[in-house]
Amino acid sequence: MTKEKGSQKPEARSQNGEGCTSPVWFGFLFWLLASGFWLLFLIPLTVAHAHDIPNDITVQTFLKPDGPRLHFLVRVPLKAMRDVEFPKRGPGYLDLPRVDEYLRDAAVQWIANFTEIDEGDARLPKPTIADARVSLESDRSFASYEAAVAHVIGPRLPDNIDLYWDQAMLDVLFEYPIQSDRSDFSIHPGFERLGLRVVTVLRFMPPGGVVRAFEFAGDPGLVRLDPRWHQAALRFVEMGFFHILDGIDHLLFLFCLVIPFRRFRPLVAIVTSFTIAHSITLIASAFNLGPDALWFPPLIETLIAVSILYMALENIVGSKFGRRWVITFGFGLVHGFGFSFALRQTLQFAGSHLLTSLLSFNLGVELGQLLILILFIPALEILFRFAVAERIGTIILSAIVAHTAWHWMTDRFDRLRQFQFAWPALTATLMLSVVRWLMGAVIIAGLLWLVWPRIAAMSWSKRGIATKGT
């Protein structure tokens with residue numbers, strides 16, 4: 001009996017072991033099957049859903065304060081509402097008799113929930129939907145506010161029309177309660193999630209009757225529809241500061257200026273001449289005094305590369321202070337046009353404070369340049385003191401910059417050659433523009449004539465600065 005019991009114990013352990021390991025194996029097999037199902041079915045569905053994101057979306061909007069209400073009209077392609085399953089019939093036609101409720105849900109989920117409107121410093125509450133409807137892509141009623149309102153609240157499309165859901169437009173009229181239609185309004189439209197590339201066209205219609213038009217891509221941040229001068233100034237100071245930090249070509253140009261002159265006094269004169277020069281052409285271009293031909297931007301980009309190449313080569317052969325600030329002034333005129341290209345799409349945020357915004361942008365550029373000088377000068381001093389001799393280091397760094405600028409120049413010149421240059425027609429407008437530029441040139445020459453003796457005295461006096469390089 002003892003042996004039998006003893007002989008049965010191992011067998012019982014084996015059976016218990018099989019009972020314990022069997023659920024483990026079943027769990028492992030279930031995990032494999034579930035993983036295979038996820039790989040075979042869920043990943044393709046996820047990829048297919050990602051591919052459904054539209055490439056190019058244009059959103060048309062009107063914003064009009066009227067008494068105690070702020071009317072917000074929006075037109076957006078229906079295909080941008082990706083998570084809403086609109087009722088369909090047949091091969092994909094919209095079931096128009098049953099679509100109204102879905103349109104309102106889509107308007108709340110994709111438009112109202114991602115639009116923030118402020119009256120002064122107070123955020124407006126969520127809007128109510130006055131009306132929502134489906135329109136044809138060929139409809140042109142959003143050319144004006146009055147036509148758009150009449151269209152949205154007007155008769156609906158016939159119920160029996162065959163309209164594919166991804167070829168329809170969603171038109172919505174939102175209403176916000178406001179304190180006064182004379183308040184200062186701002187908007188942050190979060191429409192960038194509607195597609196891969198989203199362009200928003202916004203027309204603000206204050207009670208005065210002057211329409212302010214905006215057009216921006218992606219997320220523009222908070223847009224003040226009628227900014228005060230200090231609000232516009234702050235925005236453009238920030239814009240100028242980050243523009244100079246993001247522009248690698250402008251950074252290399254400043255780097256070439258700093259390499260041979262790493263003391264404060266000569267750099268003040270050189271950077272000041274660059275600042276005055278680019279301010280002149282920036283302001284002139286903002287007031288439409290510059291050429292508007294298609295070949296002009298690539299020409300300026302090519303000349304900017306030439307300016308960097310020239311400065312780098314001059315550092316290699318030897319630079320003199322008395323010549324450097326004059327050449328910097330000439331190249332600053334070119335860089336000013338480059339700055340103006342960055343401002344073309346952003347001057348719409350200046351409101352009625354164009355000159356203030358331009359000067360603020362210049363101030364931001366100067367603050368960025370000051371930060372660059374603060375970083376470059378000590379770094380070069382350390383490099384030339386502990387790593388390499390000053391003359392050899394200047395040649396090596398300038399050669400690297402020259403190599404980069406040469407490739408930029410050739411690439412940009414290839415693009416410039418694709419444009420056909422045509423002399424402008426000799427008209428009264430052209431002659432007036434030429435006279436303005438000649439008057440500006442005379443004024444600049446007079447200022448240089450007045451400033452030159454002071455600059456020369458500062459460079460050659462005993463208290464002046466010994467120039468770097470030979």
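Is Glu301 buried, partly exposed or exposed? In this predicted model, Glu301 counts as partly exposed, with a relative accessibility of 31%. Its salt-bridge partner is Arg415, and the N to O distance between the two side chains is 3.7 Å. Arg415 belongs to helix H10 (residues 390-417) and Glu301 to helix H7 (residues 296-317), so this pair ties together parts that lie 114 residues apart in sequence. Arg415 is likewise partly exposed, at 40% relative accessibility.

The chain has 470 residues, of which 42% count as buried, and it contains 11 helices and 12 strands. Of the contacts between residues at least 6 apart in sequence, 78% join residues at least 24 apart. The chain exposes about 26200 Å², with carbon and sulfur atoms supplying 64% of that area.

The salt bridges number 15. One of them joins Asp226 and Arg212, at 3.7 Å from N to O. Asp226 sits in the loop between strand S12 (223-224) and helix H4 (229-246), while Arg212 is in strand S11 (residues 212-217), and the two are 14 residues apart. Asp226 is partly exposed at 29% relative accessibility, and Arg212 is partly exposed at 23%.

Another salt bridge is formed by Arg193 and Glu192, whose closest N and O atoms are 3.8 Å apart. Arg193 has a relative accessibility of 31% and counts as partly exposed; Glu192, at 27%, is partly exposed too.

Definitions and conventions
Residues are numbered from 1 along each chain as its sequence is written. This is a predicted model: local features need pLDDT of at least 70, side-chain atom pairs count only at pLDDT 80 or more; totals for chains, interfaces and linings use all residues. Side-chain values use heavy atoms; hydrogens and water are left out. Helices (H or I, at least four residues) and strands (E, at least two) are DSSP runs, numbered from the N terminus. Buried means under 20% relative accessible area, exposed over 50%, partly exposed in between (1.4 Å probe, protein chains only). Contact means heavy atoms within 4.5 Å. Accessible areas come from the Shrake-Rupley method with a 1.4 Å probe; for residues, only the protein chains shown count as cover. A salt bridge is a side-chain nitrogen of Lys or Arg within 4 Å of a carboxyl oxygen of Asp or Glu.
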